Amino acid sequence: APFTSKTPLSFCQYNGSVCCNATEDLKLRNQFKSMNVSVSACASVLKSILCSRCDQFSAELYRIDSAQRTVPVLCNSSISTSSSQSQQAKVDYCAEVWDKCHNVAIINSPFALQAKGGIQINSTSKLTELWQSKDAFCDEFGGASDDGATCFNGGPVLLNSSENISPPSGICLEKIGNGSYLNMVAHPDGSNRVFLSNQAGKLWLAMVPEQGSGETLGIDESNPFLDLTDEVHADAALGLLGIAFHPNFQQNGRFFASFNCDKVRWPGCSGRCSCNSDIGCDPSELSSDNGARPCQYHSVITEFTTNSTTLNLSLVSQIRLVEVRRILTMGLPFTSHHGGQILFGPKDGYLYFMMGDGGGSGDPYNFSQNKRSLLGKIMRLDIDTIPSAKDISEFDLWGNYSIPKDNPFYEDHELLPEIWAMGFRNPWRCSFDSERPSYFLCADVGQDQYEEVDIVTKGGNYGWRVYEGPLLYNLSNYSEANNSSNPINAIFPVMGYNHSSLNKAEGSASISGGYFYRSMTDPCLYGRYLYADLYADVIWAGFENPKGSGNFTTDQLAVKCAQDSPIQCNAEPELTSPALGFIFSFGQDNKKDIFILTSNGVYRIVRSSRCNYTCSRENVTDFTAPVSDVDPPSSSPSSGSKFSSPLTLQILVFTCVSFIGLLSFLL
C-alpha cells in the first residue's frame, strides 16, 4: 500500500503518497544510470517510466493482477477514449516515447525485457530492432481510458474532479422475519433462497419473498439445514461466526463453517495454542478470562458436504453432520476478539479468514503487530490443494490447507505464510464489492475511541495496536509509530466514526461492516457502502468521490420502516425510526438486495418511496425492473487512460506494485 515518505525521494520526485522508499528509489537511479542513454530527450522519458513504479497507482499502471510487466501501460490516444476522460488522459504518450527513443541504443532496455517475456536476449537494443513501426510498438505497450483502467502519461496519475452528489433522503426498511441471526449467505444456485445461521450453531435454508408481496421470510426453524449446536460453544463473543459455500458448490457440494468450540466439552476441539513460545507467549502465565483457561476455547474452520445422490444440489434441504475435513484449529488466549468470518475471494477462489487479536484490553501481547502470530490478521488459504508432507513441515501449517503462491510471505519471509493482511483488533464483517472485486472492505471494532472501515490489500498493515483508526492508541506508542528503522507504514481507514459521536446511553460502540449497495431497488443508494453500529440504531452510507480514489465521504442516514411492512416494526419511543435492537450484521441475496440482521429480526432495504422518501431515480411504477437511467459507477477515473475491465483491477490507490519481488462484536 502507498505511504507518505518521511524524507522526499531524491531520484523519483513524487510527492505525497508513494510506493517507493529511499532504498528502492536508489535502485531505480542505478538502473537508469546503467542504461547509459546518450540522448537527453529519450533519457527524460525513460526516467519517467522507471519512476512510475513509485506512483500510488502503480499496481494499476503495471496490471499486477494479470501479467508481470517491466513497463507501465502507456497512454495511447489512437485507441478510442471515453468522453468523460480529461484532456490530460488523451495525451498520446506512447507515440511520444517512440518518437524520442525509437532509434536510441538502450542497455538492458525494459521494453526489450518485457517483449522477450522477462528474458533479456540482447543487452543493448533499439526499439526499431524489436518493433517495425510505432503502431506495432503501441499495440504492445499502449492503452486508453474507455472502460476504467489507468495508463501512464509521463507524470503522476491525477484524478478527475469530484462529483457533487447529494446523499439519499433516507433508508426505507421492511421487516420480513422475527428471528435473530449472525450470518446470511445467498444460495449458490442463484435463486431467491438464502442461508441463515445463528450464534448457537444452527443453519437454515430460507425463502426470500418478492418485494411488495406482503409475505414474510419462508423458514422452518424446526428443520435446520445443519445443526452444529453440540460442537459450537456459544457465549457472548463465541459461537458460529461464519459460513461459506465453495465457489463450485453446485458441482461439488462443499460447505464450510467457522465456529468456536470448548475443548472441555468436545473432544474434537483440540489444536495448537496461539499463545506459544514462537511469539514469546506462555499460556501458563495467562490468568483465566471469564472463567476459561487460556486456549480452552478454539477457533475452528471445518468442511462439510451435502453427501447427496441427487445431481441437482439445489434440491438439497439438509446435510448430515459429518465433518469431511478440518481446515484449521487454533487455541485462543482470551474469550473475545475472534472475528471468525470466512469468505471466498470472487476472483481467486481462495478462502479468507478474519481473525481478531485474541482479546485482552489493548492487545497486551501485541499479537496484531507480530508477524509470527495469526492473531489480528486476515488469512488467505488454498483449500482446494491438499498440502504435501513437505509443505506441512516447511510452513508449519496450522491445518489442512495449502498456501497460495502469491501470498505476501513470498515477498516478506518474516510473515507467517497464511497472512494476507495484519494489524486488526477485531474485524467484524468484511465483503468484496460485487462490481469491483478488488475492493475488499472490512470493518474493524475499536477499543475506546474509534470504529473503522478499511480497504484491505495484500500485505497491508492496518495499525492496531499502535493506532486505533487514524489515532495513536496511546502516547506510549509514539516511538513505535515513528520508528524510522522499522516503520509499520500503517494504512488508515477510509471510513469510520469516533465513539464520542454516538449516543452513549448504551455505554459502548462496536462497528458492523456491510456491503456496497448494488441493487436497483433503491437507485439513490447505488454504489454506497453501508455500515452500522451494534448498539446505536445508526446506518451510515459511504460514497467514494472521485471514484477509484479511496476517498470516501459518509452520511448518517435516517431510517424508517414502511407502513405496509409484512411484519410491523416497533418504533423507538418519541422517534419515527424503527427499534432495530442490536445490529449484528448485514446480508446480501442474489438480487443484490441488502438485509440487516438484528436482535429484533430481519429487515430488508426497499424502495424509498414506501417510506415517503424522495429518490428522483426511482421507477415507482415498476420497482422490480432494472432502472435504465441509473449508470453503475465506473472504476477509478483518473488522468491516465483506462482500458482493461475494472473487474480485473487490483485496488488502485491502496495497492502498490511490488518493486523487489514483483464475535467480538461485543467489546
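View 1. Strand β18 (residues 351-354) and strand β19 (residues 377-381) run antiparallel and are joined by four bridges. Strands here are DSSP runs of E covering at least two residues, whereas helices are runs of H or I covering at least four residues, and both are numbered from the N terminus. Two strands are taken as paired if DSSP finds at least two bridges between them. Opposite Met-354 stands Ile-378 of β19. The open sheet has the order β17-β18-β19-β20, with antiparallel pairing. Its edges are β17 (342-344) and β20 (419-422), each of which has a single partner strand, so one side of each lacks a neighbour in the sheet. From one strand to the next, the twist averages 20 degrees; the axes are lines fitted to C-alpha atoms, and angles between N-to-C directions run from 0 to 180 degrees. The model is predicted: local features need pLDDT of at least 70, side-chain atom pairs count only at pLDDT 80 or more, and totals for chains, interfaces and linings use all residues. Residues are numbered from 1 along each chain as its sequence is written, and side-chain values use heavy atoms, with hydrogens and water left out.

**View 2. Salt bridges of Arg-380 with Asp-348 and with Asp-406**. A salt bridge places a side-chain nitrogen of Lys or Arg within 4 Å of a carboxyl oxygen of Asp or Glu. The N-to-O distance is 3.1 Å for Arg-380 and Asp-348. Because Arg-380 lies in strand β19 and Asp-348 in the loop between β17 and β18, this pair ties together parts that are 32 residues apart in sequence. For Arg-380 and Asp-406 the N-to-O distance is 2.8 Å. Asp-406 lies in the loop between α9 (389-395) and β20, so its pairing with Arg-380 in β19 ties together parts that are 26 residues apart in sequence. Arg-380 is buried, with a relative accessible area of 2%; Asp-348 is partly exposed at 28%, and Asp-406 is partly exposed at 36%. Buried means under 20% relative accessible area, exposed over 50%, and partly exposed in between (1.4 Å probe, protein chains only).

**View 3. The salt bridge between Lys-591 and Glu-210**. The closest N and O atoms of the pair are 2.7 Å apart. Lys-591 lies in the loop between β32 (583-588) and β33 (594-598), and Glu-210 in the loop between β10 (202-207) and β11 (226-227), so the pair ties together parts that are 381 residues apart in sequence. Lys-591 is partly exposed at 47% relative accessibility, and Glu-210 is partly exposed at 39%.

View 4. Asp-533 counts as buried, at 0% relative accessibility. Its side chain makes a polar contact of 2.5 Å with that of Tyr-497. A polar contact is a pair of N or O atoms within 3.5 Å; within protein, one must be able to donate a hydrogen and the other to accept it, and residues adjacent in sequence count only if both atoms are side-chain atoms. A polar atom of the Asp-533 side chain also lies 3.5 Å from the backbone nitrogen of Ala-536.

**View 5. Strand β7 (residues 171-177) and its pairing with β31 and β34**. Seven of the seven residues of β7 are buried, so the strand is largely enclosed by the rest of the structure. β7 pairs in the parallel sense with β31 (residues 559-561) over three bridges, and Cys-172 stands opposite Lys-560. Five bridges join β7 to the antiparallel strand β34 (residues 601-606), where Tyr-603 stands opposite Lys-175.
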